[in-house]
Amino acid sequence: MVKVKVFATLRNIVGKNELEIQADTVGELLEKLYSKYPEMKKELEKGVIILVNGKNIEHLEKLDTKLKDGDVVSIFPPVGGG
Amino acid sequence: MFGYIGKILRVNLTTGEIKTEELKEEDAKNFIGGRGLATKILLEEIDPKIDPFSPENKLIFATGPLTGTTAPTGGRYMVVTKSPLTGFIASSNSGGFFGPELKAAGYDFLIIEGKADHPVYISIKDDDVEIKDASHLWGKRVSETTDKLLEEFGDKKARVACIGPAGEKLVRFASIMNDKHRAAGRSGVGAVMGSKNLKAVVVRGTKKVEVADKEKFMSVVKEKIKKIKENPITGGGLPNYGTAVLVNIINENGLYPTNNFQTGVFPYAYEQSGEALAAKYLVRNQACFACPIGCGRVTYHPAVGVTEGPEYESIWAFGADCGINDLASIVIANHLCDELGLDTISTGTTIAAAMELYEKGIIKQEELGDAPPLRFGNTETLHYYIEKIAKREGFGDKLAEGSYRLAESYGHPEYSMSVKKQELPAYDPRGAEGHGINYATSNRGGCHVRGYMISPEILGVPVKLDPHDVSEEKAKWVKIFQDLTAVIDSAGLCLFTSFALGAEDYADLLNAATGFDFTADEWLKAGERVWNIERIFNLKAGLIPEKDDTLPKRFLEEPMPEGPNKGHVVRLHELLPKYYKARGWDEKGYPTEEKLKELGLDKYY
């Protein structure tokens, strides 16, 4: 199982801060999340930041990034500040 | 002139002379306004080597051509002076409503010279400008000062920028506060104001800013507001959660500095996140002048009543950096700083440095006497020393000098997390190396808003750059971010627009307002000119690139101990030469004659 942490507006959609899901890649994980929470897909249409163990998948294998038991995936809608 | 009023107000506090001068169009074209043009004026009028607290230093309140217009976020102004914290150029940006009011009174710039022989304030009602006695306000906190001045002024629509007790006591990181809670926070601009015995500026104006092409300007403004509203950051994350929406993402990425930057992961980040702030203390959003984003937080806590903030940086400075997880204590600390007129980043980071010095046995309890121990995580300590800093009482007097002078006085400058003696903000550069180069080269010292590389390196905007890439490409991006930021600051807009807008958008707004008709590249070139004239000021003030364009030893030699960036340091030696090259400077970091000629700055250096 992979631990998924969601943030900002995604928390209202999922109704909690963390959940556990079985998936082999980030792409598969997202598909599972989107089918369970269709609103999440809509919320992330304009962009998404996904980290696997704190590393941005953009600099790993993107949606093909492999997942293994115990990995932590953090999902954010686009955010900024400073 | 359009966009600009075309007038400078000059007040000499030594002689009492008040006069107005024309703003030259050529200067506006070359340096835009605000930060850029004020630096040019300062460089021409003062010797950069002077003591920042001497009457020879000048304090410039500077608006840009878009300040006071309907351009989205057109409410910003800058305070430019020589910094008593860094000894280099200071240019602190603030929002709220003060800047537009100064312009409505008929002035692009207010230049303050000399030193009054007793506490005074400057009262501006359009053309009617007076220097008035402020003895009854000396020692008063920011909200009381503001309320009293508005009452005396007799017009509730007036706007006040003032200092608190910290500025009066020449705390080296004292802020200037306008509209009570908006801060020209960094580099000690409030201390320079205090050194001139100037408590406040009150202003009320009834004029309108004229733009070159009214219809065109209106349609451009409408289009840019739409972009900002539709952007998920400026239209969603920021209005919903404020700047503190960053707490979780920066922590999850492993660069949320904890315990004076000893690590980049704080286990209690969620308790001080924007999400938690919204759930616990948020009353409503607050927007500055002409702002469609509205990231400001009006909050309530029983200990302080209705207040504003805290922002991301302040939450971090009093939170993770001091090892504190209790959000209520952070809200109170932030409120205290607003009231006392202290920069939250430097205050928190200086206390954090003192905590590390204490825990390492370098500062001893005997020296503190009965005062609380400087231990990480101790909220009582935090509030106690904030008050003491502002009044320069007891150990607070040492802290009021800033973390560098504090740590150096014990022979351990390496525990000061600062660049050019100014405290660093809420991103550990070991997790974003381009941001590290921005820290090392920022003209006002340790600062995130001269070239916010967190945006491409962590947030993926406008491009996704690997935070650990140290290629020439990265160095070029640092330069572009720095130059574009100089344009935004000089124009009078808020940096947060840059999450949604690009160089072309700013060119559209500036052209329609001023009628100058420059390309985006030409505006960026003006930004580069601003960056270089700041560099010239610093070099003339005594900056030595080899010694000053650097980072605390911790980031260069101590690998990040845990989290996603475990094992990383900042490869400054690799990236810095590439940055100098991207700037067209020589390998030692000095602008070349060729570059200065290209920018028309050769007569200055």
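In this predicted model, 21 residues of chain A meet 30 residues of chain B.

**Chain A**

Chain A holds three helices and five strands. Along the sequence they follow the pattern β-α-β-α-α-β-β-β. The radius of gyration of chain A is 12 Å, close to the 12 Å that the globule rule gives for 82 residues, so chain A is as compact as a globular protein of that length. Its C-alpha trace spans about 30 × 30 × 20 Å along the principal axes. Of the 82 residues in chain A, 37% are buried. Among chain A contacts with a separation of 6 or more, 60% join residues 24 or more positions apart.

**Chain B: domains**

Chain B is divided into three domains, listed here with their bounds.

| Domain of chain B | Residues |
|---|---|
| Domain 1 | 7–204 |
| Domain 2 | 242–422 |
| Domain 3 | 427–499 + 518–604 |

Take domain 1 and domain 2 of chain B. Their centres, taken over C-alpha atoms, are 26 Å apart. In the contact between them, 33 residues of domain 1 of chain B face 28 residues of domain 2 of chain B. Helix H4 (142–153) and helix H5 (165–168) of chain B each supply at least two residues of the domain 1 side. The largest share, three residues, comes from H5(B). By class, this side of domain 1 of chain B has 14 nonpolar, 15 polar and four charged residues.

**Chain B: a sheet**

Chain B also has an open sheet of three strands, in the order S13-S14-S15, with antiparallel pairing. Strand S13 (282–286) and strand S15 (305–308) of chain B stand at the edges. Each has a single partner strand, so one side of each is left without a neighbour in the sheet. From one strand to the next, the twist averages 25°.

Strands of a sheet pair through backbone hydrogen bonds, either parallel or antiparallel. Strand S14 (residues 296–301) of chain B pairs with S15(B) in the antiparallel sense, over four bridges. Within S15(B), B:Glu308 is the residue that stands opposite B:Val298.

How values were computed. Residues numbered from 1 in each chain as written. Chains lettered and ligands numbered in written order. Predicted model: local features only at pLDDT ≥ 70, side-chain atom pairs only at ≥ 80, totals over all residues. Contact = placed C-beta atoms within 7 Å. Domains from an automatic or database assignment. Nonpolar A, V, L, I, M, F, W, Y, C, P; charged D, E, K, R; others polar. Pairing = 2+ DSSP bridges. Axes fitted to C-alpha atoms, helices over the stretch in contact; angles between N-to-C directions. Rg over C-alpha atoms; globule rule 2.2 N^0.38 Å. Buried ≥ 20, exposed ≤ 12 C-beta atoms within 10 Å, placed from the backbone.
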